[in-house]
Amino acid sequence: MVIFIYVLLGIGVLFNGLGSFALLRFPDVFTRLHGATKCTTFGSIFTILATVAYGFWGVARGIQGDLTLAIHALLALIALLLTNPTGAHAIARGARRSGVLPKRAVVDAYEGYKFEEEE
Amino acid sequence: MLRSLTTGLGALVIYLILTMESGSLGLWSLEELIVGAVLALGVGLIAGRVLGKGEADYKKLLNPRRWALFLVYLVGPFFFAMFRANLDVAYRVITGRIKPGIIKISPGLKSDLAASLLGNSITLTPGTLTVDIDKENNFYIHWINVRNPQPSPEEVCGRFPRWARRIAE
Amino acid sequence: MSAFAIAAIFLGFYMLFCLIRVAAGPTVPDRVVGVDTINTLVVALMVLLGTFYKEVIFIDVAIVYALLSYIATLYIAKYLEGSPW
């Protein structure tokens with residue numbers, strides 16, 4: 001069980017690092033968003049799953065209060081999963097509409113797209 | 001009415017999860033149950049229409065079969081695609097081989113719930129990022145490795161539109 | 001278990017990468033991406049620290065932090081867009 005938790009933590013830390021490294025490595029906003037959103041969400045899922053596994057392991061050994069830990073961590077995971085892709089989409093849309101063009105783009109279907117005036 | 005009740009029910013469930021293990025009545029104490037019910041009712045009355053637009057969306061939200069399908073989708077194809085996405089991004093971070101572009105697909109979804117589900121799925125799966133969506137539910141997608149400037153929906157996001165239609169339409 | 005603390009230290013170290021991007025990013029959306037990544041990392045770090053110290057309150061704070069930072073991100077993105085509200 002301890003080894004299982006170590007493996008979960010290792011995968012999580014690895015992918016989180018990859019996500020932050022992608023921020024430095026990629027050339028423009030959109031590709032950076034790719035790296036940052038996907039990798040940090042995936043890594044955070046694994047680190048939080050490690051916490052959940054630890055909590056349920058504690059419940060199995062009869063330690064008081066670990067069930068609360070696991071359930072609250074799961075709720076944090078749900079909040080993260082719901083909010084992260086939506087935030088990335090909002091940033092991408094804001095960036096594109098404010099005039100940041102994707103670098104080295106092969107095709108840009110967004111050219112000539114008419115913004116409708118929303119009220 | 002259905003709107004307020006659904007929103008209140010969601011608020012109540014979250015409150016009960018947060019206050020689990022607090023007392024004697026099952027997992028909760030009596031005070032927590034009363035406070036939770038009152039707060040959920042208030043939240044439902046004030047923020048009655050946050051979860052969807054029409055009554056039809058709320059009927060979908062109350063359907064347990066759709067929730068079961070959603071859970072199957074979440075741990076099955078979605079998680080697998082997310083794993084592949086991360087290996088893909090890892091490969092591109094290390095080698096730096098990218099060929100980006102913004103493309104347009106029209107998956108032909110009708111309801112807003114299905115469109116938001118598909119948009120979030122696209123953002124977290126291999127090499128794609130939703131940039132914008134217009135009135136006819138056409139998606140503008142930033143693709144990190146463009147193989148075809150005018151692709152079909154299947155080429156970009158696989159079987160996801162079919163899942164979104166089955167879950168939320 | 002001290003493994004949780006070690007993982008938390010790693011996450012804190014990764015925030016430095018994001019801070020470099022926030023400081024150096026040529027455009028404003030670049031900086032916003034950096035801040036958004038830091039927000040995700042902070043949530044993961046708080047959950048890990050809450051497990052290490054056995055304090056459930058840390059995880060409650062993490063939930064609230066996730067939701068509030070999401071609202072802040074949406075707000076900045078909407079401002080960047082420059083369209084009428």
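This is a predicted model: local features need pLDDT of at least 70, side-chain atom pairs count only at pLDDT 80 or more; totals for chains, interfaces and linings use all residues.
**Entry 1: chain A**

I began with the secondary structure of chain A, and found three helices and zero strands, which follow one another along the sequence in the pattern α-α-α. I then looked up burial, and noted that buried residues make up 62% of the 119 residues in chain A. For the contacts in chain A with a separation of 6 or more, I recorded that 61% are between residues 24 or more positions apart.

**Entry 2: where chain C meets chain A**

How many residues does each chain bring to this contact? I read 44 residues from chain C and 49 residues from chain A. The area buried between chain C and chain A is about 4,000 Å², and carbon and sulfur atoms give 74% of that area. On the side of chain C, the residues that lose the most area to chain A are Met1(C), Arg21(C) and Glu81(C), which together account for 14% of what that side buries.

I next looked for polar pairing across the interface of chain C and chain A, where eight residue pairs are in polar contact, with both residues at pLDDT 80 or more. As for the elements involved, those that give two or more residues to the side of chain C that touches chain A are α1 (2-24), α2 (28-53) and α3 (56-81) of chain C. Which of the elements gives the most to this side? I found that α2(C) does, with 15 residues. Sorted by kind, the residues on the side of chain C that touches chain A divide into 30 nonpolar, seven polar and seven charged.

**Entry 3: salt bridges**

I searched the whole structure and noted eight salt bridges over all chains, while the count between chain C and chain A is four. I took the pairs one by one, keeping in mind that side chains of opposite charge can pair when their charged atoms come close.

I then turned to Asp132(B). Arg93(A) forms a salt bridge with Asp132(B), and the closest N and O atoms are 3.0 Å apart; the pair crosses between chains, from helix α3 of chain A to strand β2 (residues 128-133) of chain B. Both Arg93(A) and Asp132(B) are buried.

Asp132(B) also forms a salt bridge with Arg97(A), with the closest N and O atoms 2.9 Å apart. Since Asp132(B) lies in strand β2 of chain B and Arg97(A) in helix α3 of chain A, this pair joins two chains, and both of its residues are buried.

From Arg97(A) I followed a further salt bridge to chain C, where the side chains of Glu81(C) and Arg97(A) meet at 3.4 Å, N to O. Which residues are linked in the network that contains these pairs? I listed Arg93(A), Arg97(A), Asp132(B), Lys78(C) and Glu81(C), which are linked by salt bridges. I also noted again that Glu81(C) is among the residues of chain C that lose the most area to chain A.

**Entry 4: chain B**

The domain assignment of chain B gives domain 1 (2-51) and domain 2 (64-168), and the centres of these two domains, taken over C-alpha atoms, are separated by 34 Å.

Within chain B I looked at two residues of helix α4 (residues 64-95), one of which is Arg92(B). Arg92(B) has a relative accessible area of 9%, so this residue is buried. What does Arg92(B) touch, leaving out residues up to four places away in sequence? I recorded contacts to Phe26(A), Arg97(B), Ile98(B), Ile144(B) and Asn145(B).

The other residue was Ala90(B), also placed in helix α4 of chain B. Ala90(B) is buried because its relative accessible area, 13%, is under 20%. Finally, I checked Ala90(B) against Leu129(B), which is 39 residues apart from it along the chain, and found their C-alpha atoms separated by 16 Å.

Key: Residues are numbered from 1 along each chain as its sequence is written. Chains are lettered from A and ligands numbered from 1 in the order in which they are written. Side-chain values use heavy atoms; hydrogens and water are left out. Domain bounds come from an automatic or database domain assignment. Contact means heavy atoms within 4.5 Å. Buried area is the accessible area (1.4 Å probe) that two parts lose on being put together, summed over both. A polar contact is a pair of N or O atoms within 3.5 Å; within protein, one must be able to donate a hydrogen and the other to accept it, and residues adjacent in sequence count only if both atoms are side-chain atoms. Helices (H or I, at least four residues) and strands (E, at least two) are DSSP runs, numbered from the N terminus. Ala, Val, Leu, Ile, Met, Phe, Trp, Tyr, Cys and Pro count as nonpolar, Asp, Glu, Lys and Arg as charged, and the others, Gly among them, as polar. Buried means under 20% relative accessible area, exposed over 50%, partly exposed in between (1.4 Å probe, protein chains only).
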